[in-house]
Amino acid sequence: LRKGIFEIAFLLTIFYFLDPILSFAIYFCFFHTLKHLKHLINNVYLHLSNKKFVLISTVLFTLISWFMGIGLTIYLAQNFSYYESFIKVLFIGLAALTLPHMILVDILYRKNF
């Protein structure tokens, strides 16, 4: 319960003091994604024998997407501010990953688990 109260208080604070888009980015990247990954990994681990593969794949794709995002932000910063570049990369990246995510989670994952 304390963890949930701390999370809500933190999110309310960042939404109060920061721009709504940046606040959403912080929520989505650090709260929603971590909870989602924890839930999926716990459930998928029950049905997989090669748990190391899942962990390595998750870490590898996460690092690749972070480095690409940072690289694209720096590249776009030649023509935009870093803030504008970050927002563009974040939301284009989210849009590009949403459909594969929905297919994986809503179609494949829910049918099998």
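Which residues does Ser23 touch, not counting residues up to four places away in sequence? I started my notes there, and I keep in mind that this is a predicted model.

**Entry: Ser23**
I looked up the contacts and found Ile14, Phe15 and Leu18. Ser23 sits in helix H2, which covers residues 20-45. Its relative accessible area came out at 0%, so I wrote Ser23 down as buried.

**Entry: the whole chain**
Next I stepped back. I counted four helices and zero strands in the protein chain. Reading from the N terminus, I get α-α-α-α. I looked up the extent too: the C-alpha atoms fill a box of roughly 45 × 35 × 25 Å along the principal axes. The chain has 113 residues, and 20% of them count as buried. I also checked the contacts with a separation of 6 or more: residues 24 or more positions apart account for 48% of them.

**Entry: helix H3**
How far apart are the end C-alpha atoms of H3? I found 37 Å. H3 runs over residues 51-76, which makes 26 residues. At 1.5 Å a residue the helix should span 38 Å, so the two values agree. I then listed the buried residues of H3, and they are Val54, Ser57, Gly69 and Thr73.

**Entry: H2 against H3**
I learned that two packed helices are described by the angle between their axes and the distance between the axes. For H2 and H3 I noted an angle of about 160° and axes 10 Å apart. Angles over 145 degrees count as roughly antiparallel, so that is how I describe H2 and H3. The crossing of H2 past H3 is right-handed.

Which residues make the contact? On the H2 side I wrote down Phe30, Leu37 and Tyr45. On the H3 side I have Lys51, Val54, Leu55, Thr58 and Trp66. Sorted by class, the contact has six nonpolar residues, one polar and one charged.

**Entry: Ser85**
Is Ser85 buried or exposed? Its relative accessibility is 0%, so it counts as buried. Ser85 lies in helix H4, which spans residues 82-112. Leaving out residues up to four places away in sequence, I found that Ser85 touches Thr73, Leu76, Ala77 and Phe80.

Note on methods: Residues numbered from 1 in each chain as written. Predicted model: local features only at pLDDT ≥ 70, side-chain atom pairs only at ≥ 80, totals over all residues. Heavy atoms only, no water. Helix = DSSP H or I, 4+ residues; strand = E, 2+ residues; numbered from the N terminus. Buried < 20%, exposed > 50% of the residue type's maximum accessible area, 1.4 Å probe, protein only. Contact = heavy atoms within 4.5 Å. Expected span 1.5 Å × (residues − 1). Axes fitted to C-alpha atoms, helices over the stretch in contact; angles between N-to-C directions. Parallel < 35°, antiparallel > 145°, perpendicular 65-115°, else oblique. Left-handed = near helix turned anticlockwise from the far one by under 90°. Nonpolar A, V, L, I, M, F, W, Y, C, P; charged D, E, K, R; others polar.
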